[in-house]
Amino acid sequence: PFFDPSKQRFLEYDVSRLIYQLAHPQKPVVAWLSTLPMTGGFDPRSGQMRQPWVVYRQAEQLFDVQTLQPNATAIAPDVRVLVLVDPKNLSPATQFAIDQYALRGGHILAFVDPDAEADQSAGNPMQSMGADRASHMPKLLAAWGVGFDPQEVIADRGQALNVAMRDGGPPVEDVAFLGLGKPSLSQSDVITAGLSNVNVATAGYLTPLKGAGVKFEPLMQSSTDAQPMPAQRFTMLLDPTTLLNGFKPTGRRYIIGARVTGTVKTAFPDGPPQGVTLPAGRRDLKASDKPLNLVIFADTDLLSDYLWVREEELFGQQIFAAQASNGDLVLNALDNLAGSSDLISVRGRAGFTRPFLRVQALQRAADARFHDQETQLQQELQQTQQQLTLLQSKRNDKSALILTPAQQQEIEHFEAERLQIRKRLRAVQAGLVSDIDRLGTELKVIDIIVMPGVFALVALLIAALRRRRPA
């Protein structure tokens, strides 16, 4: 019915997309291969039926989604988009089918992860190691010019989210749970332009491989206040605040999502793997027949419901309220990849959150100072306890419960030191509140006094000029 003026730079894409949809009224076919329980079914852990993930249900409404088993040996020629979610333990035959689909100019949407929290294939989650929940597709990624280390997770203090503690305590900052805002989302690509925020958890990072000959365009990135951490560190992690111990940002931005286009070579230069027989008259491709169009994200948890939707009940019906743009991200990627190769970037959506960035920066700075001093207090406490144990071992009377003068002096010294550190901690917290209050006061003065005063002064000047003109 109309074209949005705010999307003027995407006018060519919108017109081309409408023409393409009119020429192809059928729903595009999407082949969905996932090792995560996205499609619903019986959950052996809870003994109950589970519902399909919200993002999967949304995709079924807009596309002809066909489930592809992890042991599939062929991909139908009518598949417009191949979705790969946490690909791991794929047979050589399945990898060869994916490789040939990519060389035929296939459109691929992939989600890999160093620590997929929804992965149930590792057995008991209380016993599985972080590496067991990582995606494994190195052969195909290398052929596509994408580097991915399944042993490293990106920690980003600049975009960390507050998460609830399992013991019911107050929410704490978790540098592995990230809320990527507009500065971290590409505003020049179809998929991410106009999105408000995307939440990810224990995400990895992607790198372009040298000499691959493909175009590697970042879609989502971390801030510069980020650092890779070993994936094993997140195994049985009970207190996310411990991730700040030894945290040292590298100053570089890490790519969490990217678009890869161009001609690539096969991941099977020696021909089809053993047991794979090609149909009569078909040869295996050694290089791209048509350019590859790949969109890849180094996180599968962004698809999980808990990261972006809140379930509510209204008049006996379940409704889902979006808290982030994760669903829009996936649908935008599918919509873009399912179209013609001539459709160039992006469909944007209006933002719905405007966070107080300066207040958040003040909060992070104070939290960092608070955490460092709290760690110092714990270290001094441990050292004092060790000293008390050493003094106790040197006593002649092992059974006596009366403290020696040296022990009493050491305890008094520790109590005084602990009191001083607690005072400094309270000073840091008070400084945070004062900084935020000072900022609020300045804004109030500007909005309530300065701006009305400027407006009144300008009005008086205009009135005076009008009076002088007749004279």
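**Entry 1: A loop residue**

Leaving aside neighbours within four places in sequence, which residues is A74 in contact with? I found L68 and A97, taking contact as heavy atoms within 4.5 Å.

Before going on, I noted that this is a predicted model, where local features need pLDDT of at least 70, side-chain atom pairs count only at pLDDT 80 or more, and totals for chains, interfaces and linings use all residues. Residues are numbered from 1 along each chain as its sequence is written, and side-chain values use heavy atoms, with hydrogens and water left out.

Back to A74: I placed it in the loop between β4 and β5. Helices (H or I, at least four residues) and strands (E, at least two) are DSSP runs, numbered from the N terminus. A74 is exposed, with a relative accessible area of 52%. My cut-offs are under 20% relative accessible area for buried, over 50% for exposed and partly exposed in between, with a 1.4 Å probe and protein chains only. I also checked A74 against Q95: they are 21 residues apart in sequence, and their C-alpha atoms are 9.7 Å apart in space.

**Entry 2: The whole chain**

I counted seven helices and 18 strands in the protein chain. Of its 471 residues, 42% count as buried. Among contacts between residues at least 6 apart in sequence, 74% join residues at least 24 apart.

**Entry 3: Strand β1**

Next I looked at β1, residues 29-34. Six of its six residues are buried, so β1 is largely enclosed by the rest of the structure. In a regular strand the side chains alternate between the two faces of the sheet. Here V29, A31 and L33 point one way, while V30, W32 and S34 point the other way.

Which strands does β1 run parallel to? One is β5 (residues 79-85), joined to β1 by six bridges, and another is β4 (residues 64-67), joined to β1 by four bridges. Two strands pair if DSSP finds at least two bridges between them. W32 has V83 of β5 as its bridge partner, and A31 stands opposite Q66 in β4.

**Entry 4: Helix α3**

I then turned to α3, which covers residues 92-103. Its twelve residues reach 16 Å from first C-alpha to last, close to the 16 Å expected at 1.5 Å a residue; the expected span is 1.5 Å times one less than the number of residues. Eleven of the twelve are buried, so α3 is largely enclosed by the rest of the structure. Among the buried ones are F96, I98 and Y101. What do the buried residues of α3 pack against? I listed β1, β5, β6 (107-111), α4 (138-143) and β16 (292-297). After α3 comes G105, with a positive phi near 90°.

Most residues other than glycine have a negative phi, and most peptide bonds are trans. D86, not a glycine, has a positive phi of about 50°. I found D86 in the loop between β5 and α3, buried with a relative accessible area of 0%. T202 has a positive phi too, near 45°. T202 sits in the loop between β11 and β12 (206-208), and it is buried at a relative accessible area of 2%.

**Entry 5: Helices α2 and α5**

How far apart are the axes of α2 and α5? For α2 (residues 54-62) and α5 (residues 326-338) I noted 10 Å, with a packing angle of about 35°. Axes are lines fitted to C-alpha atoms, for helices over the stretch in contact, and angles run from 0 to 180 degrees between N-to-C directions. V55, Q58, A59 and L62 in α2 meet G327, V330, L331 and L334 in α5. These contact residues divide into six nonpolar, two polar and no charged. In that count Ala, Val, Leu, Ile, Met, Phe, Trp, Tyr, Cys and Pro are nonpolar, Asp, Glu, Lys and Arg are charged, and the others, Gly among them, are polar. As for cover, twelve of the 13 residues of α5 are buried, including L329 and L337.
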